[in-house]
Amino acid sequence: MTSTLSTGPAPSKPRPRRRNRRGWIIGGVGVLLVAVAVWFFFLRGGSDADPYRTEAVRTGEIVRSVSASGTLEALVTVEVGSQISGQVTDVLVDYNDRVRRGQVLARLDPQNQRSSVEQSQAAIVSAQAGIAQAEAQVALAQAEYDRQKFLFDRQIIAQAALDTAEASLRTARANEQSARAQVRQQQAQLRANQATLGRTTITAPIDGIVIDRQIEPGQTVASGLNVAVLFTLAQDLSRVQALVTVDEADIGSVRVGQPVRFTVDAFADDNFTGQVTQIRVLPTTESSVVAYTVVVEADNPGERLLPGMTANADIILEEKRNVLRVPNAALRFTPGDVLAEQQARQAEGGGSPFGPAAGGNRQRGGGRGNIVTTLVEALELDATQRTTVMPILEKAQQDIRAQRGAGGGQRQRGAGGNPASAAILNAALDEIKPLLRPDQQAIMETQRLRLAGGGNRGVVWVLRDGKPVRVPVRTGATDGSYTEIIDGELKAGDQVITGGGPRAPDARAQQQAARVTGGGGGPRGF
């Protein structure tokens, strides 16, 4: 008999935890997919397949102008009218006829006026006869007075008889003067009637061209309070004037003597030139828009320009030739990485492109009173930069205040209102510029425009060895498409970037990606 000692159930072999391994694999794949999605939607930059768009820097002309439109007119336009009423008997000229001064244009029926002249002539004859009668009465009264005086001197008659003879003499002489006055009155009336008779003949007051005719033979002209216009004459079409309307926003830049270029629809391929001769101060208002009339005179070779044509004019405010210029798009271009950094600063600073202000809320316009504070807040200087930059800015601030004090205490808005203060600030900014990072330099140039004024500094990016290089420049006049380059390390032939290039990650998208990934080195929880 065999017995067997049993010590308990035999231990089983451990089984692998396949479910746990599968979970880790699925989790890892999920993390990888999330990371790929975050990179694709938020962190990836633009494709290098989009090349930079460039344009070569060249010399050319910069023309700054004000556009306006108006109507062409003759320099002198005369409306020939009739001062009297009557029926037109003859019309001797027609449209476009050239006339000389004094030339007969038309005639009115002179019958009534001729009758008035004859009546005046007869009245003069009658008045002259009255003078003869008055002279005879004077002679008779004089003889009577002489007789009475002779008798009175010998005491034959009384004083009363002499006084009566003297009164009769004075009366006769007064009647003679009245008769002579009647003659002069009738002569004046004759001249008036003769003038009226002359007005029945319409003559040209100037040398010119008939541009309008309002009458025909047989037509009756009625002259009342307003003179009836029969013809319109243009004195000389070898020169014309354009009455152009300039908006009130631009009229401040317009000056007498400025050159003007204009075109007309009739000769669209031809350019005409003129000059501003008058700026009329009387405003015109239409649909709440205030404008002023500017008179432009121009030569009219061949008399091709006709009154009434519409002139599309450009008043030249500033014109420069053979100057270095760049397209305005180059001054607006910023590479993607620099733009992304600016966006990041804007996002971190609560919406300001210059970063957060001291105390979390920058005073609006506060930098005007303290240039050092404004620049330090905008540039976000580190500790090392502060030790070198602050003394330069503080000295510039002191020099500006001293300069203002020397100028009689007159305060200026910022440094831009005073050329001397602007020069001090520009010198200080040029001194600290090498001590700043490229992004800080870009911010500094923006602040320079605000504080130093002048609006003549900018930045362009030049493509060198396939990479954009920042080049600060000083700008001048602009015509809306190109801007003059006055100073800077830019020369003809340089390829300035106007657009294109790789796109950098958007700062706000990066923040969104950080929230999705937990703000750190991977998806949250791993």
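# Chat about a predicted model

User: Hi! Which residues does Val117 touch, not counting those up to four places away in sequence?

Analyst: Val117 touches Leu190, Asn193, Gln194 and Leu197, leaving out residues up to four places away in sequence; contact means heavy atoms within 4.5 Å. This is a predicted model, where local features need pLDDT of at least 70, side-chain atom pairs count only at pLDDT 80 or more, and totals for chains, interfaces and linings use all residues. Residues are numbered from 1 along each chain as its sequence is written, and side-chain values use heavy atoms, with hydrogens and water left out.

User: Thanks! Where is Val117 placed, and is Val117 buried or exposed?

Analyst: Val117 is in helix α2 (residues 111-153); helices (H or I, at least four residues) and strands (E, at least two) are DSSP runs, numbered from the N terminus. Val117 counts as buried because its relative accessibility is 7%; buried means under 20% relative accessible area, exposed over 50%, partly exposed in between (1.4 Å probe, protein chains only).

User: And how many residues separate Val117 and Leu197 in sequence?

Analyst: They are 80 residues apart, while in space Val117 and Leu197 are 7.7 Å apart, C-alpha to C-alpha.

User: Switching topic: how many residues are in the largest nonpolar core?

Analyst: That core has 24 residues, and those with the most contacts inside it include Leu72, Phe262 and Leu305. A nonpolar core is a set of buried Ala, Val, Leu, Ile, Met, Phe, Trp, Tyr and Cys residues joined through side-chain atoms within 4.5 Å. Among the elements giving two or more residues to this core are β2 (58-74) and β15 (310-327).

User: What does Leu305 contact, leaving aside neighbours within four places in sequence?

Analyst: Leu305 is in contact with Leu72, Val240, Phe262, Val264, Phe272, Asp299 and Asn300.

User: Nice. Now Arg470: which strand is that in, and buried or exposed?

Analyst: Arg470 sits in strand β17 (residues 467-478). Arg470 is buried because its relative accessible area is 15%. Beyond residues up to four places away in sequence, Arg470 touches Lys433, Pro438, Gln441, Ala442, Glu445, Val459, Val460 and Trp461.

User: Which element gives the largest share of the lining of the second largest pocket?

Analyst: It's β17, with 6 residues.
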